[in-house]
Each structure stands twice: as C-alpha cells, then as structure tokens.
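I opened this structure to look up its pockets, its sheet and its cores. My notes follow.

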Amino acid sequence: FKYPTTAVRLARELAPYNIECFEDPVEKDRFNVAWYSLLRHKTDIPQALHLINPSDVLRAVKGDAADRFNISGNVATVKKCAAIAEAAGCPIWLQTAGLCLGIHAAFSTHLQATLTNDLLPCDELPFVRDNDLIGGSLEFQQGHFIVPTGNGLGITLDADAVAHYRTR
C-alpha cells in the first residue's frame, strides 16, 4: 500500500483471521521507518519487513519498526542482517531465491544451518517446479529441508534433466 492509513484499515479487517504476519504493509520506496513504527503500534498483527541491507535492518530495529524480518542477499549480507535481528530478538526467515531450483535451495539450506536466530519457515520452493534439476536429492521431511551432506552442496545434479531443459 502507498500509505499507512490503508494498511492499518486492512490490518484491522484481517485481525480475526489469525494472520502470521503483515509483510511489507507499505511501499518501501523511501523506507520510511516512522511509517513502519506507527503501523506496528496501530495494529496487532506482527510486522515483517523484507530487507537485504544490514543498515536497513539496523534502522528498522532502532526505529521499532519490525517484529520479524525476511532476509535475502549474499552470504555476508545475510549473516550481518541475521546477527542484527538476533541481537534485537527478532526472528527471521530467508528468501535468497524464492521460487528457485534445487541447487539454490540446497545453498540456502546450508546457509540457514549456519544461523543461530529463531528461524521461521523459508521461502525456497524448488518442489513447485516441473523439475528441480537435482532429482529430489534435497530431502524434505515434515515441512523442513534436511541439510545435505557430502561433497559440495551435498546434492546430485540430474544430468538428464539438465540436458532436457538445455536451450541452444
């Protein structure tokens, strides 16, 4: 939404539905921390911000603007953002790729295993693809990816699938 008033109205309408969190309830064009802080105090739904930059996570924490964070970026960025959120007592989840293939999901699984925060379910969803290119070698049990072991990322590239989807 463009303005906090719209987000507050919608949050009040959604309140009876046990919403897990309100993700990015206003546009982040200028990342107005005061707007997010205001929203946090005007609504009862936990507020989550999708952020990549550690300085933005720090600004959100200092401004009392978030209850949790959806973090993305490279390894160094994710680790810095996660450390700031952890120091503030905010849980996180990762979205390094979202609707990705198995290779990226395996990378994200390994990265998540290095974090000590309270981790919420991630947004890596290779199993919604026609083919994840790793032949199911990234195990998924009871709603969780199992951290693969073995060489590299611990997964096996499905050479037949790669050949099938190769373009020239």
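**Pockets**

I began with the largest pocket, which has a volume of about 350 Å³. I am working from a predicted model, in which local features need pLDDT of at least 70, side-chain atom pairs count only at pLDDT 80 or more, and totals for chains, interfaces and linings use all residues. Residues are numbered from 1 along each chain as its sequence is written, and side-chain values use heavy atoms, with hydrogens and water left out.

I noted the terms. A pocket is an open set of points on a 1 Å grid over the protein atoms alone, where a 1.4 Å probe fits, with protein on both sides within 12 Å along at least five of seven lines; lining residues have an atom within 4 Å of a point. Points are joined across faces, edges and corners, and the volume is the space filled by probe spheres set on them.

Which residues lie nearest the centre of the largest pocket? I found Gln112, Cys122, Gly143, His144 and Phe145, from a lining of 15 residues. Helix 5 (102-113) and strand 6 (144-145) each give two or more residues to this lining. Helix 5 has the largest share, three residues. Helices (H or I, at least four residues) and strands (E, at least two) are DSSP runs, numbered from the N terminus. I count ten nonpolar, four polar and one charged residue in this lining.

I moved to the second largest pocket, with about 170 Å³ of space. Its lining is Lys2, Tyr3, Glu27, Asp29, Arg30, Phe31, Asn32 and Trp35. Four of these are charged, three nonpolar and one polar.

I then traced an open sheet of four strands, in the order 1-2-3-4 with parallel pairing (at least two DSSP bridges between two strands). Strand 1 (22-23) and strand 4 (92-94) are the edges, each pairing on one side only. Strand 2 (residues 47-51) is joined to strand 3 (residues 68-71) by four bridges. What is the bridge partner of His50 in strand 3? I found Asn70.

Buried means under 20% relative accessible area, with a 1.4 Å probe and protein chains only. The core has 27 residues, of which Leu49, Phe69, Ile71 and Ile92 touch the most other members. Helix 4 (75-87) is among the elements that supply at least two residues. Its share, four residues, is the largest. A second, separate core of eight residues includes Ala105, Ala106, Cys122 and Phe145.

Note on methods: Nonpolar A, V, L, I, M, F, W, Y, C, P; charged D, E, K, R; others polar. Core = buried A, V, L, I, M, F, W, Y, C linked by side-chain atoms within 4.5 Å. Buried < 20%, exposed > 50% of the residue type's maximum accessible area, 1.4 Å probe, protein only.
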